[in-house]
Amino acid sequence: MKRGATGEYEITAMGGEAVRAFVPAPLPPDPPLELLGERQRLLERALLACGRLDGVTALLPDPDLFLYAYVRREAVLSSQIEGTQSSLSDLLLFELDEAPGVPLDDVVEVSNYVAALEHGMARLREDFPLSNRLLREVHEKLLVRGRGADKQPGEFRRSQNWIGGTRPGNAQFVPPPPQLVEDCMASLERAIHAADDGLPALVKAALAHAQFETIHPFLDGNGRVGRLLISLMLFDAGVLGQPLLYLSYYFKQHRAEYYRLLDTVRAEGDWESWLDFFLEGVASTAGAAVDTAHRLLALFRDDAARVQTLGRAAANALRVFDALRDRPLATLNDLTERTGASYPTVSRAVDALENLGIVREITGRKRERVFAYARYLAILNEGTEPL
């Protein structure tokens, strides 16, 4: 379907040159999206995959355990797209106050992302509306410290930004002028809550993400907030009972296509190609998350059975094993605190887990040693190698 450009250009003068800033038309697309045939089947497949993901969490001994690990994996991936080099192990070490030597700027950004997502989810659970106010709160958490702390955390931008190039005049893309950001975001908020558009929640999330990235309402952090918006919308709409669907890995794998399709939406109004890409991402990402959950269940079951072979030492070793299942990186002091066992008891249990090959010491130091539940961490680390 031919729509043409999905907005208009506002010509402004900046630095002595003309700048063409793109102002998107309000959602939903006009004429309406074509949701028939193969696209309808793709939508159904994506929804089914989300349903399976929602269902598999019920099988987990502790759904919060999976959520804890998966949120942090997403934080690493989403931040990597913006250029950080932090790993999941770096983040987990950072969260262990005793573990020094982690690259601070990058890991602070990732830690902020965890806090931003958790804040957004907590607010929605309080029945606070998914709104521009909530997005500004999430943004404030995201940029509260570290790089970006001077980029107006929690506020829509009051100056022109751009994507690509060295200035607005030679940029690859220039979002709306600052004086139009409030109106554009108010229009997006109305579209998110429109009850009469007949659009399924997954489709609305796809449209809202693309529109948000086009508006680029903040001076920094737009990509991360835009990806968080997807998770918040799907939770708010009841598609998922837990925020376990994250498209950052999919977007990271297909970066060039992701940016190309957003440009095509703006220039040609080809929302359908973007929607196909998005729904394919939802289906594959949800399927991969289900697979990961099943692999973790099998790992925990097999390793717990191995711990049971330790005879009289099994009870204490299982307590430490359970603590490492909750947090796959830990020091002896941390394990002592979380299990309530004595330091010597924990130390013997860790030695036993090390001998079984379940736990591995990762620092090589004699003091302040850090132990990793190695195979658990390896599963979570898949795909999180820095770009």
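**Reading a predicted model, feature by feature**

Mentor: Welcome! In its unreviewed entry, UniProt lists residues 130-280 as "domain: Fido". Keep in mind that the model we are looking at is predicted.

Trainee: Thanks! How much helix and how much strand does the chain have over residues 130-280?

Mentor: That stretch is 58% helix and 0% strand. The C-alpha atoms at its ends are 25 Å apart.

Trainee: Let me try a pair of helices, then. At what angle do helix H7 and helix H8 pack?

Mentor: H7 covers residues 201-215 and H8 covers residues 222-236; they pack at an angle of about 165°, and their axes are 9 Å apart. Angles over 145 degrees count as roughly antiparallel, so H7 is roughly antiparallel to H8. The crossing of H7 past H8 is right-handed.

Trainee: Which residues make the contact between H7 and H8?

Mentor: From H7, they include Leu202, Ala205, Ala208 and Phe212. From H8, Val225, Leu229, Ile230 and Met233 are among them. Sorted by class, the residues of the H7 contact with H8 are 10 nonpolar, four polar and three charged.

Trainee: Now the strands. How do I read a sheet?

Mentor: Here is the general idea: strands of a sheet pair through backbone hydrogen bonds, and the pairing is either parallel or antiparallel. In this structure, three strands form an open sheet in the order E3-E5-E4, and their pairing is antiparallel.

Trainee: Which strands stand at the edges?

Mentor: Those are E3 (329-331) and E4 (359-361); each has a single partner strand, so one side of each has no neighbour in the sheet. On average, neighbouring strands here are turned by 30° against each other, ignoring direction.

Trainee: How many bridges pair E3 with E5?

Mentor: Three bridges join E3 to E5, which spans residues 370-373, in the antiparallel sense. To see the pairing in your viewer, find threonine 331, which stands opposite valine 370 in E5.

Trainee: Which strands does helix H14 touch?

Mentor: H14 (residues 343-355) packs on the sheet and touches E4 and E5, with its direction at about 105° to that of E4. Helix H15 (residues 374-381) lies across E3, E4 and E5, and runs at about 70° to E5.

Trainee: At what angle do H12 and H14 cross?

Mentor: Helix H12 (residues 314-326) and H14 cross at roughly 80°, and their axes come within 9 Å. Angles from 65 to 115 degrees count as roughly perpendicular, so H12 is roughly perpendicular to H14. H12 brings Asn316, Ala317, Val320, Phe321 and Leu324 to the contact, while H14 brings Thr345, Val346, Ala349, Val350 and Leu353. In the contact of H12 with H14, eight residues are nonpolar, two are polar and none is charged.

Trainee: Last topic: what should I look for in the backbone angles?

Mentor: Now look at the loop between strand E2 (17-24) and helix H1 (37-56), where proline 28 is found. The peptide bond from leucine 27 to proline 28 is cis, with omega near 0°. Proline 31 also sits in the loop between E2 and H1, and a cis peptide bond with omega of about 0° joins aspartate 30 to proline 31.

Trainee: And where is aspartate 127?

Mentor: Aspartate 127 is in the loop between helix H4 (104-125) and helix H5 (132-142). Its phi is near 70°, a positive value in a residue other than glycine.

Technical notes:
Residues numbered from 1 in each chain as written. Predicted model: local features only at pLDDT ≥ 70, side-chain atom pairs only at ≥ 80, totals over all residues. Heavy atoms only, no water. Pairing = 2+ DSSP bridges. Helix = DSSP H or I, 4+ residues; strand = E, 2+ residues; numbered from the N terminus. Axes fitted to C-alpha atoms, helices over the stretch in contact; angles between N-to-C directions. Contact = heavy atoms within 4.5 Å. UniProt positions renumbered as here; feature names shortened; annotations may be inferred. Parallel < 35°, antiparallel > 145°, perpendicular 65-115°, else oblique. Left-handed = near helix turned anticlockwise from the far one by under 90°. Nonpolar A, V, L, I, M, F, W, Y, C, P; charged D, E, K, R; others polar.
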